[in-house]
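Please consult the sequence and structure below while reading.

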Amino acid sequence: MALQIFNVLGRTKQTFEPIEPGVVRMYVCGPTVYDHAHIGHAKNYIAFDVVVKYLRFSGYQVLYVQNITDVGHLLDDGTDRILRGAARTKLQPMQVVETYARGYFADMDALGVVRPDISPRASAHIPEQIKMIETLIAKENAYVANGSVYFDVTSDPDYGKLSNRRLDKQQAGSREDARGDKRTPEDFALWKFAEPEHILRWESPWGEGFPGWHIECSAMAKKYLGDTFDIHGGGIDNIFPHNESEIAQSECANDADFSRYWMLVGSLTLDGVKMSKSLGNVLNISEAVKQFRPEVIRMFMQNVHYSSPIDYSEEAIQAVARGHERMMNAVTLTRRAMNTAAISDDGNAILQVVNATRAAFIEAMDDDFNTPTAIAALSELTRETNSLLNSDIVVGLDVLKAINDVYTDLGGAVLGIVPLNDDSVSGDATREANLIELIIKLRAEARAAKNWRESDRLRVQLAEIGVILEDHADGTVWKVN
């Protein structure tokens, strides 16, 4: 079937049809770099990493743009997040930006998240933002008030169409009065007048100030993807007001649809509680990857559909780690066996499972990137592979290669939960792996003869050189400690 995407704009699953055949233009709201990236960021950007990788796997040419917010994202008290970070760290604002931007990309690299094709920074696109604001003023969608510029939400009859928070319904209920320079409370800032203490400031036709958070994404998306592009991604927490404001100002300024498909990622909690610095329950990515392999974290995040919420807990991720270990046992056994296998049809009964796995995986991913079902297909292959390779059947090289290709292409290149290469079975390590397998075979013979002393001696001596054995019902596997 053709790729289906649940479009939040309209709340329906739709067949994906890019504007230009074979080409996908995609924008994802990036991080505000004022602190370390945490596992909530991991869920968001792993989700879109998989989207990009599957689209490329499917033959699309993808232009992936993900911005860096380094100005204008304000806290509830009106403080710029970058300035808050500067006050906390005693650094200059752009030192904060450079420090945490580098940290963000390092964290994404550690998780195997592909870097965007373009990573524009808001502060480097002030002229584009000013130009869009001037257009909105000229078209009477925005107004100037005491050095600031606000978008007039009443000028856009479609305002609220993404979140279904229609303006007339908001006005019908109880509302606070308009405060400060706004005409109505729902109006949002396109440009803010900079108070003397606000050191992030630029010249503009309205005086020195800084851009609003929402206009940044609209201006950068337009510059690199055009007035209308294919996919806009982000977190569900930003659907209102950020995404809603992006749509309103972009479509009013450009007289064109903004994004055709909207994909929003579900939220993440930590032990059932929303992460908060004030509660001290924030888990940074750099700490998480010390506790679990990046592939395990990726598998955990993909164990639910990207649009669903997930709760990160020690118990939950440990369960995923066990499933990932079973999969890696199958991958490792396959790759090791490939080094010594002869070309033959032995073991080809599993080829039916291999082909079924590939078909089931693609069917799942074409259904709105359904990673839980895709992982379930790989898990079924894992059960069959572990059973086959721990049996007495001598499996031919062609069959082993077919199994490995599924793990590499689908589990590796698309989902990122299987390493593309296993260093333990390449180069001189192949010889070492074969020697370990020989010792394991000798130990198995000792166990069969009930020579427990010899069996234990071989296990201990392997452990002394860092090789850990695990005995399972279907055979023994080893790993390097």
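Beyond its neighbours within four places in sequence, Tyr-312 is in contact (heavy atoms within 4.5 Å) with residues including Ile-39, Leu-268, Phe-292, Phe-300 and Ile-317. The model is predicted: local features need pLDDT of at least 70, side-chain atom pairs count only at pLDDT 80 or more, and totals for chains, interfaces and linings use all residues. Residues are numbered from 1 along each chain as its sequence is written, and side-chain values use heavy atoms, with hydrogens and water left out.

**Nonpolar cores**
- A nonpolar core is a set of buried Ala, Val, Leu, Ile, Met, Phe, Trp, Tyr and Cys residues joined through side-chain atoms within 4.5 Å, where buried means under 20% relative accessible area (1.4 Å probe, protein chains only).
- In the largest nonpolar core, of 106 residues, Tyr-312 and Phe-369 touch the most other members.
- Helix H1 gives the most to this core, with eleven residues; helices are DSSP runs (H or I, at least four residues), numbered from the N terminus.
- A second, separate core of 18 residues includes Ile-130, Val-149, Phe-188 and Leu-190.

**Ile-440**
- Ile-440 lies in helix H14 (residues 428-448) and counts as buried because its relative accessibility is 9%.
- Not counting residues up to four places away in sequence, Ile-440 touches Leu-469, Thr-476 and Trp-478.
- Ile-440 and Trp-478 are 38 residues apart along the chain, and their C-alpha atoms are separated by 8.8 Å.

**Helices H1 and H11**
- Val-50, Tyr-54 and Phe-57 in H1 meet Arg-358, Ile-362, Met-365 and Asp-366 in H11.

How values were computed
Helix = DSSP H or I, 4+ residues; strand = E, 2+ residues; numbered from the N terminus. Buried < 20%, exposed > 50% of the residue type's maximum accessible area, 1.4 Å probe, protein only.
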